[in-house]
Structures are given as structure tokens and as C-alpha cells.
Amino acid sequence: MGANGSGASCAPSRAKGVNVSILGTRVVRTEDPALLTVGGTYVDDVQVPELIGAARVTFVRSPVAHAILGDIDVSAALAAPGAIAVLTAREMDDLPPPPPDDGGGGSEGAPVPMGGPWSEPLLAADRVRYVGEPVAIVLTEDSYQGVDAAEQVIVDYQPLPTVLGPGAVDAETLLFPRTSSNVAVTAGAPADGSAFDGCDVVVRRTIENQRLAPVPMEGRAVAAYWADGKLTVWVSTQNAQISRFILAGALGLDPAAIRVITPDVGGGFGAKVGLDRDAIVVAWAARRTGRPVRWAETRSENLVGMTHGRAQQQEITIGGTRDGRVLAYRVDIVQDTGAYPRMSGFLPGLTSLMAVGPYAIPQVQTAFRVLVTNTTPISAYRGAGRPEATAAIERAMDLFAAEIGMDPAEVRRRNLLPPDAFPHTTPGGAVYDSGDYAAALDKVLAAAGYGGLRDEQARRRRRGDPVQLGIGLASYVEITAADAAAGETARLVVHADGTATAYTGSSAHGQGHHTAWAMLVQAELGIPMDQVTVVHGDTDIIPEGVGTYASRSLQLGGVAVHKAALSVKEQARQVAADLIEASEADMELDTDTGAWQVRGDPATSRTWADVASHAGPEGLVAAAQYAEGQPTFPFGTHLAVVEVDTETGKVQHLRHVTADDAGSVLNPLLAEGQRHGGIAQGVAQALVEEFVYDADGNPLTSTLTDYAAITAAELPSFELVTSETPTDVNPLGAKGIGEAGTIGAVPAVQNAVIDALSHLGVRHINMPATPARVWAAISEARDSR
Amino acid sequence: VKLTVTVNGSPVPADVADRTLLVHFIREVAGLTATNVGCDTSSCGACTVLLDGQSVKSCTLLAAQADGREVVTAEGLAGPQGELHPVQAAFRAEHGLQCGFCTPGMVMAAVSLLAENPSPTEEEVRVGLEGNLCRCTGYHNIVRAILAASKETASKEQAG
């Protein structure tokens, strides 16, 4: 109790003589007091001697989508008040050449753009390919002067035709003249219609998974300092060590000559995996000019400069029998990757891997093409390829259910993998570790009162109520720690005073790592959480690590901390035995009190301080590197209830009931928080958010007055159902939970909107289901009757 | 322009450029960085502070407009011994924050909301927060925290 000294902890009280683990309990966060009172220390808040007098960096960005870059006249900008320097690609003569083409593999872990003919420059050199592309930077004494001076940089743009959307496939204009096509990657199986031969019913539909902006509340921010051959970079990233690796390659530096520090990070959602070219440019400017520099982007800059997510067009084909068995499924994906293929084929590859979802479908085919277009590059965004897979199969299941006239819940139940199927290898080659998919569906149906909801829907339909009720379902399985083999690091020190410090290669940006890791140490060693300091995100202190993406932190980074704690415990057992002059085999640790003693003899009791100081002035130290043999596969079901006003097209999201099974839960408070946030971002895609360009590639949603980031007023409170099916892939029994909410919520809400109108003949509405789109779908359905 | 703004009870005199926004005055002149800048269109509310007791978006005012007036930021809410304000305590107990970037503004908006409406319904809280964006929590626990703080305050007043 009182693990954080606040009295607000909900940890169970310690019954005498009974070891009650803190794991699985609702512990409030150690991070919060500072965040609530003095605020976090985000990059732009960092005040250190090295950054005194730092110049402010302001980017000059392309205002046109596609153009040959002509002269850049910097003379007026250089004469502007406060101007220190104006830098363009011409000044970048101290950098190594871009990497060769990597062949199109790509990964979420190291979002280094494809090289070779697809190379992405740091600053535009001969051509600009999207609105917002960095062209030059201006260094000034303060940020207001930077905006003024940047406007004085005169750039000559000679416009080229703009390439947008799926039409990029056969557009005459090429974004990259040294290539033969705008298709950067092609993969998958050619269409084989025979897979659908035995089907009574085949439904085909082309659907959009629209482009989204991640919008972390803190945009991108960097500060950099160069002295004595060493570069220090403070950056808002999910991965300090990967950032160092990327910087070293781009700047031609030995990684040992770079220190990356990640202070508090104001949200990432995948868009802060590694770092962007903008960050590299800022770091380079510190070396180039010898001045400390800092940059924090504006929101308008963020909405065009930070990578976007999703942007898939999917052609789905589903076939089966009239009694509800799905026999074959195919998805053909067109991935708009924006102006530069940052992740190559990774995102649609993950969509393909997870295409079949939680179902036992015998025939599954996938194929994709990755297109470059004159838009902001696409990269990871909460779910990164998996929400797209779930959106496709869950829309397909509803289309199939509507076609055969069967309840969507029943169609799902008839096709879900049974609980005895695990481990299960899918047609796409994923090995699902564990699950009870039908149980999650049934729990959600029961919690929502599914039968009663259908009755209410029927009543409204009968009386022709202008406000119709829709019920949407999505059953999903997703992949977490997809790069399980890359693992994560931890180092645990128990100091001579009995306190502990856990160093983690994982990286926090809101998830509560510091609370969770301290809980793991307390659970194993009995050192109270408030005596455990957690350190992350400084490559001088933690040179090896991977960081946070793909819902990997607890199952890799957390297990590494757990392993380090076990290792410290075994060392301590030897030291304690030596201290007490007893046999090692007789030593026991009371994890409630953190006391070592000879078994059954409290008179011999020694504290951690006694033991650690006996070990030497450095205390006890253990390092661990933990990699899993395979990823894990969380699963669940979401049910959304919406009202649709058929006269205006307005959708009101009334209820959202979910079971999200991520194995054993370390701290329900944190896990629920991840689910809540995930659900909201999913609902946002289904109902309100979309990044839009006009026909010339001008962004129409480049401020938060135009981009409809979802608000509290548009959401209900969420109804979370508990479901915990441990995995045996790791010793904590844990799977990832960071992205599940988004993955399940998107199709549940979309399906609910369409379900509300299905009796009118509406079968599909693209996202976001804005009033205009919904109203148009209703009108079209009525007209065709 | 020469001005004096009282920030969290202390007068802060300064001579700043006319166009200096209040949020930059708070962050760079007063040196208080809990108040964040999350957008450039007065949309996100991360910069919310109290000006003479009313919540305002400090990116939407010039520092000069706050001359002679009282500003309270998140740093000014906790008690003298660092004890959390009831709204701060409720945000912690209900896990109403994750990355923390929107939090100071969100807390100030909540304090202002409860001052105007001490016993809001869930609907009133949600509508009242429309000008403050959070990307992490889905608002679920923020709403719970504000409702809990409201009950806490109500029961204390009853007891008093």
C-alpha cells in the first residue's frame, strides 16, 4: 500500500505472512505528480547549460506538391533581423552519400527510407515531391524572427504534374526519374478465381482505409549541441538507440560520437519511431554552424511534415456457403506510401500477414502494390498495417452476412478459430499462440445486451423512426512484438543503500513504463516501488536498446527487467548467505518486506541495504537482454452502438463495449488506459478524421481547425469487459495492448453505421462516416429502390 | 512594451516585443514550462491558463493584454506543501493522463469548468472539454476524474 507514497495506490494491503504480489493490481502512476504540477520536461522545456543561447531553427517547406527546384535566393533572409544562417542542400557537402536500394523490405523498427533511385534527401536538392517537404532552414536568435526570415527565402519552383491516389500506377509523370514506374514495391499472389469455386455466394467490394494524421499532442522537437567531436541530440522519439543509429549513418559519425537523449515525449503513436529527416537536418545544423540549435515544429508544420498513416485502398472478395461458412477470402491492397517509400512494403505486408483475422478460412490470398504519390510520406500509425487488415476482413464478414441474410454475430461465431486450435498457423504463415476468440465475442454480446439491442433496432425500423439504431461488431486478432527476436535490454542495480535503479532500452511516451517496471522490481525483490528509479532514453547510459513500437514494451522490455531482477536475486542469495554465514540453499527472500533471512529464522533478517553494501560499493548489478522466440497475438471483440439520424446523416456514437485480451495484465489501470486511447483513435478514423488533398496536391486539412481530431464531446464512456488468456511465449504471460483498441474499434463503429441503414439497402459507406457521406448513402439507397 | 503580469501570485515585470503571445511570456519570461503549445489555431487547449480566474487559451492573447492581471498556471495549483489540488489528485487517482502534454491545460480547463458548474453531468463535462484535445486517454478517465473531483468537492462542502 502507498507504493508511491501518496496513499492513493490501490495495491492490496499486505496480509501477514501471505505474499501478495503487486502484479495485476491497480497501482497509480509514479510519473503523475511531476506531470500534474510542474509539467513534463519535453524537448522544448529542456534547460541545460549546453543549450544556452541556442539558435532557433525554422524550416522553409515546399508550398507546391511537385516541382523542379530552381534557384534559392537567401540574401534577403540573411539580412533579416536576428538571422544567423540560412542552409540549403548546397551546404550539405559534408555528408556521406545516400544508401543503396535495400530491395524493398522495410521495417517498423528502422524507418530508413528506401535508398537507390528512391532516395529521400535531407533537404530537397533538385525536386520537391509534396507540400511540406523541407527545402531550407533558417537559424535565428528567436522563433518569431525565424518565421519572418523564412518568409524572405525566395525559392523558384517549376511546377510538374501532380500524381495522386491509385492513378499513380499508370501516371505518365514519374516522381523518381531514375525508376520506370511509380510502383515502388509489388508483392503477393496473382488472383486465382478457383479459390472461390465452391462458394454459394461471392461478394466483392472496393473500400478505402483513409489517410490519417497521427497528431501526438507534442509535435516533433529536437535540440542539438556539437562540441569536441561529439554530438548531443535531445529528440522527441520512441527510440533513442535507433535514432542514434540513423543519425550516425546520415551524418557519417561513429555512433560513439553521438549521445541521444529522450526527455519526456508527448505522445508518438508510431509517428515518432526513430526520427525524421527534419531531425537529422537540425542535428547537422549544430555541427555545421557550431551553434547549439533547437526546433519545435508548429502544428501546421506537423500536419504536413510528420508522417501520415493508413492510406490503403482495398479490394476485398469474400465467398462462402449460404449456411454461413466462409470458404475463401482475398484482399488486393493499393498502398499509397506518399512521396517517399519510408517503410517500403512493410505496412501492406503486415496487413497481408494478418488478413485472415481470427477466422478459419481455408483459402486466403493477398497481394499489394506500394505507390509513390505527391503527398506526405506514410509510416506507422497506431496499429501500422493491422487496423487495415481488421477493417478489411470485418467489413467483408458483414458484407457476406448481409448477402446471406444471417446475423453478423452468428456468421462470426461459425467461422472463429476454436479454442483448441492453438498454436495455429494461418494460411499467411502467422503462428497464433493462444486465444479463445468465441469467448471474447460471447462476453461482449452478453455485456452489451445484444438481443435487446436488436429488439430496439427492430422497433425503430418498424415505426420508421428517423433516428435509427446500428450495432457493429468486430472480432480481431493482431500481432504484437512482431520483431520479437530483436528483443530488449535491461540493467538493474541494487545500490548499497538498498534502493534500486532499473535502466531500460524500452522507451516511454505516456504508457507508464516507470510505474510498470518499478512494479516488476518490487514484485521480484520486495524493494518498494518508491525506492526504484527507472531510467530510459539516454544512449550514453543505455547504449543498447530498441525502444517502443508494435506493442512490444512489456513483453520484451518488461520481461528483460524481470529477468534482471531474477539475476540480481540469485547474486543476492549468495551474498546474503556469506553475510549471515549460512548456506545459500537455506536463504529466503520475503518479497513483502524485502528482507533476506535463513528460512524460518527472522533473527537472521537482513535488509537489501545490508546485502547490497556487503556485495561492494557498487551494490548488486545484473544486465539482461530478452528476446522472444515468436510474436504474440492478442485478440478480442468490439461492439459499437450508434444512432444515425436518417434526415441529416449525423452519427452519434452511444456505446462501445470491448473485450481486449492481451494475456496476463500487469496493471489494469494502465492496460485500460491503453484500451481507452486506442478505442478513441479508432472511433476517430471511423467517424471524423481524414487527411484530405485537393486535385493539385494541396493539403486541405493542415491545421487543427480543418483536421477533425476527435474531442470528448464526440465520444461515449467505454465499457470494458475483462478477458485474460495468458500466453506461454514469455514468463509474464503478457501480450501487447497498445494498439488493440484502435484495431477493434475502427470496423466496429463503421459496421454499426452501415448496420443502422442496412434495412434501407445500404451495404457500405467509406470512412470517415461524416454526415455528408451518410446522407448521400441513404439518398442513393432510396433512389435505387 | 513594458508590462507586469502576476503569475501564480508573483509579479513578473518585463519589457517584451509587442507581438509576444501570453503563452511565450509564461514559458520564456516567467520560465514556467508546464503550459504547452500544441497548435497554432487555438484548437487544442494545451496552453490553457486562468486569467483573473477564467480559463483562457494563452496562445490567443498577447502578453500585453495580461498586463496588470493575474495568471494561474498548473504550477500555481498545488498547495504550499506540494499537496495536489483536488482536480490534480483526481487526475492521478483516475489515470486521467498518459503522456502529460495536454494535462496542464486540461487540468486548468477542468478547474474552470468546475468553478462555473460545481456538479456537472457527464455530458456537461464532455461538452465543456471540447476545446481541449487529448490524444492518449480517449478522454474516458479525464471525464471520470473531473466527475470524481466534483463529488469530492461537493462532499467536502457538505461536511464543512
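Is B:Arg19 buried, partly exposed or exposed, and what is its relative accessible area? B:Arg19 is partly exposed, at 41% (buried means under 20% relative accessible area, exposed over 50%, partly exposed in between, with a 1.4 Å probe and protein chains only).

The model is predicted, so local features need pLDDT of at least 70 and side-chain atom pairs count only at pLDDT 80 or more, whereas totals for chains, interfaces and linings use all residues. Residues are numbered from 1 along each chain as its sequence is written, chains are lettered from A in the order in which they are written, and side-chain values use heavy atoms, without hydrogens and water.

**View 1. Salt bridge between B:Arg19 and A:Asp148.** The closest N and O atoms of this pair are 2.9 Å apart (a salt bridge is a side-chain nitrogen of Lys or Arg within 4 Å of a carboxyl oxygen of Asp or Glu). The contact crosses between chains, from the loop between strand 2 (10-15) and helix 1 (22-29) of chain B to helix 3 (residues 143-150) of chain A. Helices (H or I, at least four residues) and strands (E, at least two) are DSSP runs, numbered from the N terminus. A:Asp148 is partly exposed, at 34%.

**View 2. Salt bridge between A:Arg463 and A:Asp465.** Their closest N and O atoms lie 2.9 Å apart. A:Arg463 is exposed at 52%, whereas A:Asp465 is buried at 16%.

**View 3. Salt bridge between A:Glu570 and A:Arg573.** The N to O distance is 3.2 Å. Both residues belong to helix 13 (residues 553-580) of chain A, three residues apart and thus separated by about one helical turn. A:Glu570 is partly exposed at 40%; A:Arg573 is buried at 18%.
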